[in-house]
Each structure stands twice: as C-alpha cells, then as structure tokens.
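Please look over the sequence and the model shown here, and then read on for a short report.

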Amino acid sequence: MAQILHNNGYQHTDQPENAQVLIVNTCGFIGPAKEESMNALQELASNKNSDQILIAAGCLSQRYGSAITKEISGIDGIIGTRRWMDIVDITDKMRKRKSNKTLYHLPDVPHVGKDEKGALRVAIQGSSAYLKIADGCRRPCAFCAIPLIKGSHISRPIDQIIEEAQHLQSIGTQEIILISQDTTDYGHDIGIKNGLAMLLKKLVRAVPEVPWIRIMYAYPGYVTNELIETISTYPQILPYLDMPLQHGNKSMLRRMKRPANLNWVYDTVNQMREKIPNLAIRTTFIVGYPGETEDEFQDLLNFVEDLQFDRLGAFQFSYESQTTSAPLGDPVSKKTKKDRFERLMHLQQNISLNNNQRFIGKNLDVLIEGYDNGISIGRSYRDAPEIDGTVIIEGNLPIGQISNIQITGAMTYDLSGIPSTTQNINLI
Ligand code: SF4
C-alpha cells in the first residue's frame, strides 16, 4: 500500500499530526496482536483533527469489519486484505466526499497476484528482504483464523516473483526470504507440482548474486524428496527450514486438524539431516490447546527431546471466534498454559545451548546487521531475522556484507566470535 500510495503522489510522514491520511495496517491473528492494533487505532482516532482521515486496513479490518467501528468512533474507512491494492482509489474517494459515514471496502474476491498495481511484494530490512510468493491458506487447522482472514491459497505468478527477486539482486540484497502462509503449497492452485522446488531452481538461476535464499513456513507432509534434493543441491539455498509442527502428540494433532503422522516427521527430519549437512530446523508449537492433558503435553516434551530442533518457538493457545476450535472454548487455565510454555522453553534452552556449543571452533558466514563500540552483530544461516539467534562479533564489520567468523563462544540462543583470520576483512 505504501508503494502504491507513493507511486500516486502521496508522501509519507512519521508524524501523525502532519498527515492528511492516517492508515493503520492491522493484525487480526491472535489476541495480543488484535489488542495492539485496536490500541493504535484508538490513539489515532482520539487525537485526529477534523481534516484528517483515518483508515483501518489489513487483517483485523477484514475479520471484524463494522465491529471495529462500533468499538472505536472516528474511523473513516475500512479496507480488508483482499483488495489492499485499491488503497489509492479508496483514499481519493474519501478525501473528496462530503459525508462522514464510514466507507467499507471488503470485497470477497482477492486480486493477489493478478493486479497488484505494480507494488513489489517485498519487505526490505537492511540487506535482507522478505519476498511473498503466495497469499492465503487452504489448510484446515482448527485453531487458526488466517484462512478466514486471507481466504484460500493463491500463488503469485512465477515471472512476477522472479522479476522482484531480480530487483532485489540489483539493489544488493544479500538474503531473500521466501514467505507465504504455507510455502510448500506454492504452485498447487496454478497446476504446478512440486512448485516450491521448481521456483527455487528458477530463482537460483535468476539471482546468482544473492548469496542467501531462505525458506520459511513449510507444512508437514509437504516437504517432498524433490524439495530436500533441491535444498541440498544449491549452496545459495540456506540449509534452514522452518516447519511449524504445532504438537508432538497424535491425538492432539488430530484434534487440531493438523497432519498427525508423527512417523513422517521422524523419518523426514532424519532424511533431511542426512541429506542436508548442518541443516537448521526451526519449528513452533502450541501449548494449552483445548483438552490438552498433562500426558499429551509430556508427549510434546518427549518429541522435542527426541528431535532436538535447532530453533523452537511456542505460543500459548489463543481462543479465536469463528475458528473450527471455537466451540471447544478455552478450558486450559492461563496458569497451566504459562507453566507448560515455560517448561517447553526451558527444555529447548538446554537443547539450543548444546547445539550452539557444537559450533565453537568452527567458521560461519555471518550477515552483518550493525555495530556499535567495536562490537558487530549479525546472523548466520541458522538465524532468521528477529525470531532466531544472532552472532556477536569483535570489531566493527561492514554492515550489509557477509563475513566469515570464527565462533569462540556459545550462549543459549546466540553465538560469539571473531573475524576469521583466513580472510581479508576491512575493519572500519
Ligand atoms: S497452515 Fe498455518 S496459516 Fe494455514 S491454517 Fe494452518 S496454521 Fe493457519
């Protein structure tokens, strides 16, 4: 939306009081995110002057529509997730009209990948960039509101993705992170089998100067032999896979309407580790799903102990209305959820520390993201931005470049090191 507005003559300002149009891109995924979005809207609505227009865009708007305007007065426009590319038309319309009735733009049919009005589907952060390859999700996970918000999975056209990746290459991007709700579903809706593997092979050829390509959000059961083969063949594709598993007990997974074949998980993780040297696997779990017993939670701990994931995130179950699990309510107490969350994270801390200690004495390529007072900070292939660890390095190293680092220390989530002596590093 920011790009389309910019291309149509709108300028951004960091000061809300200077803006003629205020846009909040909301999140409607789980409770805390919804609260944050509502607070941002409330604050702007309370402080805006009569000449300003306030628009609530994004997932919360798509999911709750007029319920938001009932709770917060002063919102002039609501634009959902299906046609965010209409933001300029909607904004222009609101600025011209006389009435102060809220304008709702919530059409059902998405335009993702078909007419994005020239917006690059990338989010650039320093020398890394997220590149969206699809939108929406067709999986039936009982706890999840995303399919309600985003609709079913739509793959973006390959040519468009390649073009955007080439643009990222031309501006010196060092890491492209492929994202969508389920990257392993890429291509299914446009008749391509093994679409993610195919896309990766095309990307590798199209952007040879981008050293790192990272894959997020794989769906269990859909990590194919061809995908494993592709990751293991091309050095540009990082040996990193984020595969949210959500639980380690079969009955829980069935109740969550998730793939429940745990043998597949054990076999595939082992196969991946065999074929992709030094593979880092990230996963996420939910604790406190309705009906989760202590025994079932214990199975999750055993599963985590068995598979020794490199990176692990956990969520405490968040009740979401209109989801398949909504009729189950939210019977596990907050205290139990918190306790299970802490036990799971405590177990993972030991696993993570052990994994990290194995890197002491080894060399890792690290993408430098900043420095201060003689200490640089960066990420290795094992670290996706914001959610994983970092590498802390002695010396001020060039930001946005990949440096070879000798690892000298390990903490629970982070590593520390010094520039490798085998390379000629420009210390600045
Ligand atoms: S695969 Fe992910 S986005 Fe899709 S329904 Fe399941 S949890 Fe939600």
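## The largest cavity

The largest cavity is lined by T81, R82, P110, V112, D135, G136, K150, S152 and I154, where a cavity is a set of points, on a 1 Å grid over the protein atoms alone, at which a 1.4 Å probe fits but cannot get out, and lining residues have an atom within 4 Å of a point. Sorted by class, this lining holds three nonpolar, three polar and three charged residues; Ala, Val, Leu, Ile, Met, Phe, Trp, Tyr, Cys and Pro count as nonpolar, Asp, Glu, Lys and Arg as charged, and the others, including Gly, as polar.

The volume of the largest cavity is about 40 Å³, a volume being the space filled by probe spheres set on the points, with grid points joined across faces, edges and corners. The count by this rule is one cavity of 30 Å³ or more.

## Basis of the model

This is a predicted model, in which local features need pLDDT of at least 70 and side-chain atom pairs count only at pLDDT 80 or more, while totals for chains, interfaces and linings use all residues. Residues are numbered from 1 along each chain as its sequence is written, and side-chain values use heavy atoms, with hydrogens and water left out.

## Around the ligand

Which residues surround the ligand? They are C137, R139, C141, F143, C144, I146, P147, Q181, Y219 and R258, a residue being near a molecule if one of its heavy atoms lies within 4 Å of it. By class, this shell has seven nonpolar, one polar and two charged residues.

## The protein as a whole

The protein has 13 helices and 18 strands, taken as DSSP runs numbered from the N terminus (H or I and at least four residues for helices, E and at least two for strands). Its radius of gyration is 23 Å, close to the 22 Å that the globule rule gives for 428 residues, so the protein is as compact as a globular protein of that length; the radius is taken over C-alpha atoms, and the rule is 2.2 Å times the number of residues to the power 0.38.

Along its principal axes, the C-alpha trace of the protein spans about 70 × 55 × 45 Å. Of the 428 residues, 54% count as buried, which stands for under 20% relative accessible area, with exposed over 50% and partly exposed in between (1.4 Å probe, protein chains only). Among contacts between residues at least 6 apart in sequence, 72% join residues at least 24 apart, contact meaning heavy atoms within 4.5 Å.

## Residues in loops

G389 is found in the loop between β15 (375-379) and β16 (391-394), and at 3% relative accessibility G389 counts as buried. Leaving aside its neighbours within four places in sequence, G389 is in contact with R311, R379, D383, Y413 and D414; G389 and D414 are 25 residues apart in sequence and 4.8 Å apart in space, C-alpha to C-alpha. I171, in the loop between α7 (158-170) and β9 (175-179), counts as partly exposed at 47% relative accessibility.

N194 has a positive phi of about 55° although it is not a glycine; N194 lies in the loop between β9 and α8 (195-206) and, at 25% relative accessibility, counts as partly exposed. N373, which is not a glycine, has a positive phi of about 50°, and its place is in the loop between β14 (363-372) and β15. Is N373 buried or exposed? At 74% relative accessibility, N373 counts as exposed.

Terms used:
1 Å grid on protein atoms, 1.4 Å probe; cavity = no way out; pocket = protein on both sides within 12 Å on 5 of 7 lines; lining within 4 Å.
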